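Please keep the structure in view while reading the points below.

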Amino acid sequence: MTQPETKIALITGASRGLGFALAEALAPTHHIVAVGRTTGALEELDDRIKAKGGNATLAPMDITVPEAMATLCRGIHDRWGHVDLWLHTAVHAAPLSPAQFIDAKDWEKSTAVNATATALLISFVAPLLGETGQAAFFDDPRAGEKFFGAYGATKAAQIALARSWAAETLRTGPKVRVLEPRPMPTATRARFFPGEDRAALTSPADEAERLLALL
C-alpha cells in the first residue's frame, strides 16, 4: 500500500506566542518545520510536539539572513519537495515612540524583520507551496496609531505584500490568507500594553485552534 505523503507545515516565528501555539496545534497532522531564534524555546516546542505523537524539524535561524533562509528552503525541497502550509508569525516589536524620536536601529530592525524578510521568504517559499499549498499572515492593524510608528508602518508593509501576493495568486495558487488574531497575552503585546489585564485576553492555544479552522 502506498504511504500517504507527509504534510509539511513551515512556521516562521515558532519559538513563542502564536507561532508556538500553531505549531503545537498542527503537530497531530503535520511535520512541523519550526523556525525561530531561541533554541531553548524551540526545544520546548519539540518536546510538546513529541508528546502529541508528532515530529518536528527545528531551525534555530534568523529570518533576516538570506543565506540561512535559502539553505532552509533548499533543505525542505531536497527532503520533502514541498510545503503544504506556511504560517508567518515572526515579527519585531519596536519600542513605542513618537514618530520624531524613532531610534534608527529600531527602524532598521523593524524594516528588516517585518518587511524585507517577508518579501524574501515569499520568493523562497512560493515554489515549495506550488499551486495547492496555503500561506497565512497575521495582521495587527496599528498603522497610524500614536507611538506605533515603527511597528505599525513595517507591519502594514508586511500585510500589503501578503495581500498583493494573495491577489496575484487568486486563480493560480497558492492560496494566501491574511487573518487577524484576537488580542492574546503574548510577549509582543506585553511590550505595548504592560499594565493590561492579561486574564481577559484569548490564550494563544485557543486562538490557534480558531485561526486554523479558518484555513
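Contact here means heavy atoms within 4.5 Å. With that in mind, helix H2 (residues 39-51) lies across strand E2 (31-36) and E3, and runs at about 175° to E3. The model is predicted.

- Six strands are arranged in an open sheet: the 6 strands follow the order E3-E2-E1-E4-E5-E6, with parallel pairing.
- Strand E3 (56-60) and E6 are the edge strands, each of which pairs on one side only.
- From one strand to the next, the twist averages 15°.
- E1 and E2 are joined by 5 bridges and pair in the parallel sense.
- In E2, valine 33 is the residue that leucine 10 stands opposite.
- Strand E4 (residues 85-88) and E5 run parallel and are joined by 4 bridges.
- Tryptophan 86 has alanine 135 of E5 opposite it.

**Strand E2**

- How many of the residues of E2 are buried? The count is 6 of the 6, so E2 is largely enclosed by the rest of the structure.
- In a regular strand, side chains alternate between the two faces of the sheet.
- In E2, His31, Val33 and Val35 point one way, while Ile32, Ala34 and Gly36 point the other way, and all are buried.

**Helix H4 and the sheet**

- H4 packs on the sheet, where it touches strand E1 (8-12), E4 and E5.
- The direction of H4 makes about 170° with that of E4.

**Helices H4 and H5**

- Two packed helices are described by the angle between their axes and the distance between the axes.
- For helix H4 (residues 104-129) and H5, the axes come within 8 Å and cross at roughly 15°.
- Angles under 35 degrees count as roughly parallel, and H4 and H5 are therefore roughly parallel to each other.
- Their crossing, that of H4 and H5, is right-handed.
- On the H4 side, the residues that make the contact include Trp107, Ser110, Thr111, Asn114 and Ile122. On the H5 side, they include Gly149, Tyr151, Lys155, Leu161 and Trp165.
- Sorted by type, the residues of the contact of H4 with H5 are 12 nonpolar, 7 polar and 1 charged.

**Helices H3 and H4**

- Helix H3 (residues 66-79) packs with H4 at an angle of about 5°, and their axes are 10 Å apart.
- H3 and H4 are therefore roughly parallel to each other.
- H3 contributes Pro66, Met69, Ala70, Cys73, Ile76 and His77 to the contact, and H4 contributes Leu120, Leu121, Phe124, Val125 and Leu128.
- By type, the contact of H3 with H4 has 10 nonpolar residues, 1 polar and no charged.

- Serine 15 lies in the loop between E1 and H1.
- Is serine 15 buried or exposed? Serine 15 counts as buried because its relative accessibility is 9%, and buried means under 20%.
- Apart from neighbours within four places in sequence, serine 15 is in contact with Phe20, Val35, Gly36, Arg37, Thr38, Ala41 and Leu42.
- Glycine 19 is part of helix H1 (residues 17-26).
- A relative accessibility of 1% is why glycine 19 counts as buried.
- With neighbours within four places in sequence left aside, the contacts of glycine 19 are Ile11, Gly13, Ala14 and Thr89.
- Glycine 19 and alanine 208 are 189 residues apart along the chain, and their C-alpha atoms are separated by 8.4 Å.

- Most residues other than glycine have a negative phi, and most peptide bonds are trans.
- Phenylalanine 147 is not a glycine, yet has a positive phi of about 75°.
- Phenylalanine 147 is placed in the loop between strand E5 (134-138) and H5.
- With 43% relative accessibility, phenylalanine 147 counts as partly exposed.
- Between glycine 173 and proline 174 the peptide bond is cis, with omega near 0°.
- Proline 174 belongs to the loop between helix H5 (149-168) and strand E6 (175-179).

Key:
Residues are numbered from 1 along each chain as its sequence is written. This is a predicted model: local features need pLDDT of at least 70, side-chain atom pairs count only at pLDDT 80 or more; totals for chains, interfaces and linings use all residues. Side-chain values use heavy atoms; hydrogens and water are left out. Helices (H or I, at least four residues) and strands (E, at least two) are DSSP runs, numbered from the N terminus. Buried means under 20% relative accessible area, exposed over 50%, partly exposed in between (1.4 Å probe, protein chains only). Axes are lines fitted to C-alpha atoms, for helices over the stretch in contact, and angles run from 0 to 180 degrees between N-to-C directions. Angles under 35 degrees count as roughly parallel, over 145 as roughly antiparallel, 65 to 115 as roughly perpendicular and the rest as oblique. A crossing is left-handed if the near helix is turned anticlockwise from the far one by less than a right angle, and right-handed if clockwise. Ala, Val, Leu, Ile, Met, Phe, Trp, Tyr, Cys and Pro count as nonpolar, Asp, Glu, Lys and Arg as charged, and the others, Gly among them, as polar. Two strands pair if DSSP finds at least two bridges between them.
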